[in-house]
Amino acid sequence: MNAPTKAQLTAELQLWEGRARKIKGEYDVLRSNKLRRTPKTETQNEGGIYDAPKRAKGTNVGRELERNYSSARGIVHQFRMNVVGALGKLQVNVEGGAAAASWFNGVWAKDCDFRDAQHWSTVCQNVVAAAFLREGDMLAVFDDGLIEDSGKLLFWESDQILPMSDALFKENFPGAGNVQDGGIARDKWGRILGYSVTGKRGLTEISRAEDLTIWQRENAIMPRDPWRLNQGRGVPPMLTAAASLLDLYEMLARELQTAKKAAGDYGYAKRSDAVDNWDDPGSTLTNLPENSGKDTATIAEETGGGGTGRNYESAEAFTGGNFDYLDKDDEIVLHTPNRPNVHMAEFIEAVLCHAGAAFGLARAYAMLRADSSYTAFRGDMIMTWAGAFYPMQKLLERTFADHVAVKALTWGQRKGFVPMLPAGWEQSLSWQWPRMAEVDTAKQQTAIAQAIKNGVTDWSQLIGPDWMQHFDALAQQIEYARAKGIPLSNMETKSGGAIAPASEEKDGTDEQN
């Protein structure tokens, strides 16, 4: 065999070098592969991918999961309670702000819904559930001279925010270059001009003027949590987790039904005196108690103890279900029931934890179970609060609560319900929301005391916007206890010593003096 020439070796080397460059200069995940989804080039924005018809279906998926699947409802409930709960108290940090906050929290918040008598905290809970978890967004309008000058909120859900027909859009937004983005009207630069909503459901487009309501941008609020730049309508995390949650719901339902069916145990008894002659009046069939009307003792006496057709009542009761009496040499072969599946619980737990991750929930919150060590459970709490609840509280403030508070207090000042606030008050708003609970309250209180001493927190953060009223009430209670001679051994001075009763202070016996 002849040795390869120099030209052949060079060509072979170039071939292998080309293959090596091709291997090194490629992302494997982008290659076509039957074992995984092949990526495609996007030609639409998120609004085009998740358009009105798909949004209508996706909205229904989220609502049906919360209606019917306990784990999905539990996830949404966790956010309702931990993000908002019974709070949503406003604090206005300017001169005269205490009176404004008192009116907002004590008067306006109790009846803030135009269509229904809903409390402000309930409204915030539903905004969290609808806009940030289940449906992707919603629209709110504050009635400041727009309808009846009621100073209340009106709402439209995600599937009521719809694009207009081309004719209606051109009629209401005739400017050159204006476009629609799933119910949002934009100018040629993409800036929001207004929103189109309807009171009807089940539509994918508003084509009749009588079904259309348009709200200008300055009068409407659309809370949402976009995950892309230049994204218009929101896309809910429930949609990401829906496949796993729906599969779990259907699998669990089938397991429960098959287990219920298997619970009707089946039993049979093989008789040695089976019926051979069905016309024989003395046969077992004829002598059965249910056929002869005689009890088993009478039949035994008449037949000499044979062919009594005796029933096995105890065995029938034990099986809890159907029971047959088979003829001699007959046998029924049944499929052995294996429901519920012994591994179903751990499988559900694994998939549910993955579904919970779409919402930022660690295992303890996704499963609503605290069966791990103290350190692991506290780690689940910290991860969930830092990655889900606290960020959502801030999102709720920035996209909804701050806007509503500004509009409500502006309306309240115009109506005379709130004293006029100094310039710049709109930037002085803060909110009280639930905080992460502590497993060990003794350690928590020690940490709070140290944080106060170090100056890294204050009473408004710890108690809320009504911290002054809290201390006024506490001082009144202390003075009353002292007047009654009640020793307040649990109250300490700044240095750590117990506060002496008023009588001791009058006598000059206070050790601190």
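This is a short talk on a predicted model of one protein chain, taken region by region.

Ground rules come before the tour. The model is predicted, so local features need pLDDT of at least 70, side-chain atom pairs count only at pLDDT 80 or more, and totals for chains, interfaces and linings use all residues. Residues are numbered from 1 along each chain as its sequence is written, and side-chain values use heavy atoms, with hydrogens and water left out.

Confidence next. pLDDT is the predictor's confidence in each residue, from 0 to 100. The chain has a mean pLDDT of 85. Of its residues, 79% reach 70 or more. Residues 494–499 stay under 50. That stretch has twelve contacts beyond four places in sequence, where contact means heavy atoms within 4.5 Å. Residues 501–513 are also below 50, with nine contacts beyond near neighbours in sequence. Where pLDDT is low, the predicted coordinates should not be read in detail.

Now to helix H3. Helices (H or I, at least four residues) and strands (E, at least two) are DSSP runs, numbered from the N terminus. H3 covers residues 52–68, which is 17 residues. From first C-alpha to last, H3 reaches 24 Å, close to the 24 Å expected at 1.5 Å a residue. That expected span is 1.5 Å times one less than the number of residues.

Which residues of H3 are buried? They are Ala52, Arg55, Gly58, Thr59, Gly62, Arg63, Leu65 and Glu66. Buried means under 20% relative accessible area, exposed over 50%, partly exposed in between (1.4 Å probe, protein chains only).

What do the buried residues of H3 pack against? Helix H4 (70–84), helix H6 (120–134), strand E3 (153–157) and helix H8 (237–262). At the start of H3, a side-chain oxygen of Asp51 comes within 3.2 Å of the backbone nitrogen of Lys54.

Find Thr204 in the loop between strand E6 (192–197) and strand E7 (213–216). Thr204 touches Ala52, Pro53, Leu162 and Pro163, leaving aside residues up to four places away in sequence. Is Thr204 buried, exposed or partly exposed? Partly exposed, at a relative accessible area of 39%. Asp159 is 45 residues from Thr204 in sequence, yet their C-alpha atoms are 8.3 Å apart.

On to the sheets. E6 and E7 belong to an open sheet of four strands, in the order E4-E5-E6-E7, with antiparallel pairing. Strand E4 (179–180) and E7 stand at the edges with a single partner strand each, so one side of each has no neighbour in the sheet. Two strands pair if DSSP finds at least two bridges between them. E6 and E7 have four bridges. Gly194 has Gln216 in E7 as its bridge partner.

Another open sheet has three strands, ordered E3-E2-E8, again with antiparallel pairing. Here E3 and strand E8 (220–221) are the edge strands. Strand E2 (residues 138–142) pairs with E8 over two bridges. Val141 stands opposite Ala220 in E8.

Last stop: helix H18, residues 467–483. Its buried residues are Ile478, Ala481 and Arg482. Just after H18, Gly485 takes a positive phi of about 75 degrees.

Notes:
A polar contact is a pair of N or O atoms within 3.5 Å; within protein, one must be able to donate a hydrogen and the other to accept it, and residues adjacent in sequence count only if both atoms are side-chain atoms.
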